[in-house]
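Q: Please take a close look at one part of this model. I would like the surroundings of the ligand explained.

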Amino acid sequence: MIIIQWTVFAIVIAVAIFITIMGLRFRRGKEAYLCGDCRFNNDEDCHKTERPEATICTSYRRINS
Ligand code: SF4
C-alpha cells in the first residue's frame, strides 16, 4: 500500500514540475513588459499608447515565433 502511495506522490510531483516548466517556457514576454520582445515594437508597426510598457496586449507576438 505504501508503494502505491509513493508512486502516486511521485507522479503528482512529476506532473507539477512538468506544468511549471511548460508554463515558464511558453509564458508571454520574457522581460518586464511585453513590448520588450514583441516583433511589433517599433513606430511603424505599433501605434498603441501602451507601448513600450504594455503588460496586456492582444497583438503581442514574440520575435522568434
Ligand atoms: S503590439 Fe502590443 S506588445 Fe507589441 S509593441 Fe505594440 S503594445 Fe507592445
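How do the residues of the shell around the ligand divide into nonpolar, polar and charged?

A: The shell residues divide into 8 nonpolar, 2 polar and 3 charged. Here Ala, Val, Leu, Ile, Met, Phe, Trp, Tyr, Cys and Pro count as nonpolar, Asp, Glu, Lys and Arg as charged, and the others, Gly among them, as polar. This is a predicted model: local features need pLDDT of at least 70, side-chain atom pairs count only at pLDDT 80 or more, and totals for chains, interfaces and linings use all residues. Residues are numbered from 1 along each chain as its sequence is written.

Of the 13 residues around the ligand, Cys35, Cys38, Cys46, Cys57 and Ser59 come nearest. A residue is near a molecule if its C-beta atom, placed from the backbone, lies within 6 Å of it.

Now take Arg51. Arg51 sits in the segment after α1 (2-25). That helix is a DSSP run (H or I, at least four residues), numbered from the N terminus. Arg51 touches Cys35, Asn41 and Cys46, leaving out residues up to four places away in sequence. Touching means that the C-beta atoms, placed from the backbone, lie within 7 Å. Arg51 is partly exposed, with 19 other C-beta atoms within 10 Å. Buried needs 20 or more such atoms, exposed 12 or fewer, and partly exposed lies in between.

Step back to the chain. Of its 65 residues, 6% count as buried. The C-alpha trace spans about 65 × 20 × 15 Å along its principal axes. The C-alpha atoms of Arg51 and Met1 are separated by 57 Å.

Notes: Helices (H or I, at least four residues) and strands (E, at least two) are DSSP runs, numbered from the N terminus. Two residues are in contact if their C-beta atoms, placed from the backbone, lie within 7 Å.
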